Amino acid sequence: MIDPRLLTENPDLLRERLGARSAGAAARLGELEATHLAWKQLKQELDDARHRQGERSQQMKVLRGEEQAALRQELKELSDSLKEKQKLLNELEEKREQLLLFIPNLPQTDVPVGDESCNRRVRAWGTPRSFDFPVAPHWELGARLGILDFERAQRMSGSRFSVLLGAGARLERALVEFMLELHRRAGYIEVSPPLLVKRDAMVGTGQLPNLEADAYKTAGEEPYYLIPTAEVVLVNYHREEILDAAQLPIRYAGATPCFRSEAGSYGRDVRGLIRQHQFTKVEMVQITTPAQSEAALEAITAQAEAILQALELPYQVILLATGDMGFSSARTYDLEVWIPSEDKYREISSCSNCLDFQARRARIRYRAGAEAKPELVHTLNGSGLAVGRTLLALLENGQQPDGSVILPAALRPFLGGAGRLTPAGLEPL
RNA sequence: GGAGGAGUGGCCGAGCGGUCGAAGGCGGCGGUCUUGAAAACCGUUGUGCGAAAGCACCGGGGGUUCGAAUCCCUUCUCCUCCGCCA
């Protein structure tokens, strides 16, 4: 949530920054401003009236007989009008809250303005390998190796599902372990969280109410939501808490399945592992003081890059333009890995600084010192990495003319020393 | 799923329907004393909105009342017992 004080203190800045992101968000501002103003006015009125009520009702316990009856009558009327006003105020507050929840975060000022064509490449690492034989897409490699089964997955679960089998399942497990281990050594605390959360948690990190259509939820009166990313749980873990500045930055890493309905992406990336309803992702989250967050974003990004480098996968770092950023983010770097079969880079990690946007929604604060007032923390998240896409990238980038796949040295300790994937399974090099 | 019990400030814990934002204790902070520390003593110490006056907040929501932490309804969470279960 944006700081509602901006509505009265700096509406021009608000309008300009929201406009940089999308026309729609800026358009909703008018109604929000009007509601906020009406709320403020009524709040003042109600406060004053209540003050009077408090003073007058002190008299009730000293007055007797006629006098008391008269005062009771007077106070009864005051009380009734207060209830009216309170009801109205609640409605205004509710409306303001609803409007605020749909306002996305303000992009930082040095983020390029525009749609995705304005994304800026910050740096690149590694050189895409040149193949002297026709490259196969990962689904063909996977089928030949007997580690990837889309057909049966679709029969039991439908499109956008897959089964990893044998060495494929083991490779996924090794990747998770390899990534978590790297993060653990960098000071991230490993977390194994719930995968089902209450609605409030989804609102807290900004997935809702905006992206309702993309979320899976359980049936029943109070449904659970299936997390679309571990970010939801790693951030909401501290919801409604006041943290100690000495604890910060807090670093968490967790590997979880992620569930996305992918509404609105019909026909895109229908083949292969790129876009699935369920996929495994290792996620990093940092909770920091405002002063720490800028450096923390660079650190999270570097941490995700370290994985790609260790896996010897060529990638580029993209600073997303205002129109391409997620709802809660003020600044996002995407990491894109080289995909030989598509002859281009594809997103494999997204690292965002949400500043105090999520902290305000989830009410996560910290205290700078024993005497200091609580202040909102900053939250950051980054994939490190999307495991399915990593597996896909390893298969394609490591493929050999005979259909086998050479795996990077860094991963071998997690595979019992094996470095080559063949139809027979994992083998030493 | 069934039967009971409990939810009050950072923590523990009191609280008759009327200056209760809430006694007391612990913890924190400041001070006195001390070479220093401990102990003791004194003071101070919640959050939100507001420029301020002030208002709101005793798990959440609703009600009764001139007035609710205190009464009623409802809901959530936790604990105990039974049942079921990986």
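1. Serine 352 stands opposite asparagine 381 in β15. This bridge position belongs to the pairing of strand β12 (residues 344-353) with β15, which is antiparallel and covers three bridges. Helices (H or I, at least four residues) and strands (E, at least two) are DSSP runs numbered from the N terminus, and two strands pair if DSSP finds at least two bridges between them.

2. A word on the basis. The model is predicted, so local features need pLDDT of at least 70 and side-chain atom pairs count only at pLDDT 80 or more, while totals for chains, interfaces and linings use all residues. Residues are numbered from 1 along each chain as its sequence is written, chains are lettered from A and ligands numbered from 1 in the order in which they are written, and side-chain values use heavy atoms, with hydrogens and water left out.

3. Strand β15 also pairs with strand β9 (residues 278-288), in the antiparallel sense and through seven bridges. In that direction, histidine 378 of β15 has threonine 288 opposite. Strand β15 spans residues 378-386, and nine of its nine residues are buried, so the rest of the structure largely encloses the strand. Buried means under 20% relative accessible area, exposed over 50%, and partly exposed in between (1.4 Å probe, protein chains only).

4. Leucine 380 is one of the residues in strand β15, and with a relative accessible area of 0% leucine 380 is buried.

5. Glutamate 262 sits in the loop between β8 (250-259) and β9. Is glutamate 262 buried or exposed? The relative accessible area of glutamate 262 is 12%, which places it in the buried class. The side chains of glutamate 262 and arginine 275 are joined by a polar contact of 3.4 Å. A polar contact is a pair of N or O atoms within 3.5 Å; within protein, one must be able to donate a hydrogen and the other to accept it, and residues adjacent in sequence count only if both atoms are side-chain atoms.

6. The structure holds six aromatic pairs. One of them is stacked: tryptophan 125 and tyrosine 315, 5.7 Å centre to centre with 20 degrees between the planes. Tryptophan 125 lies in strand β1 (residues 120-125) and tyrosine 315 in strand β10 (residues 315-319), so this pair ties together parts 190 residues apart in sequence. Tryptophan 125 is partly exposed at 30% relative accessible area, whereas tyrosine 315 is buried at 0%.

7. Phenylalanine 178 and phenylalanine 414 form an edge-to-face pair, because their ring centres are 5.7 Å apart and their planes stand at 75 degrees. The former lies in helix α8 (residues 167-185) and the latter in the loop between β16 (405-406) and β17 (420-422), so parts 236 residues apart in sequence are tied together. Phenylalanine 178 is buried, at 4% relative accessible area; phenylalanine 414 is partly exposed, at 25%. Rings of Phe, Tyr and Trp (its six-membered ring) pair if their centres lie within 6.5 Å; planes under 30 degrees apart count as stacked, over 60 as edge-to-face and the rest as tilted.

8. Now RNA strand B. There are 23 residues around RNA strand B, of which Asp47, Arg50, His51, Lys61 and Ser79 come nearest; a residue is near a strand or molecule if one of its heavy atoms lies within 4 Å of it. Among the atoms of RNA strand B within 4 Å of the protein, 68% belong to sugar or phosphate and the rest to bases.

9. Which part of RNA strand B does a polar side-chain atom of serine 79 approach? A phosphate oxygen of RNA strand B, at 2.6 Å. An N or O atom in the side chain of histidine 51 is 2.8 Å from a sugar or linking oxygen of RNA strand B, and a polar side-chain atom of glutamine 44 is 2.8 Å from a base nitrogen. The elements giving two or more residues to the surface near RNA strand B are α4 (29-57), α5 (65-101) and β13 (365-367). The largest share, nine residues, comes from α4.

10. By class, the surface near RNA strand B has five nonpolar, five polar and 13 charged residues. Here Ala, Val, Leu, Ile, Met, Phe, Trp, Tyr, Cys and Pro count as nonpolar, Asp, Glu, Lys and Arg as charged, and the others, Gly among them, as polar.

11. Strand β13 also belongs to an open sheet of three strands, in the order β7-β13-β14 and with mixed pairing. The edge strands, β7 (242-244) and β14 (374-376), each pair on one side only. Direction ignored, neighbouring strands of this sheet are turned by 40 degrees against each other on average; axes are lines fitted to C-alpha atoms, for helices over the stretch in contact, and angles run from 0 to 180 degrees between N-to-C directions. Three bridges link β13 and β14 in the antiparallel sense, and arginine 367 has proline 374 of β14 as its bridge partner.
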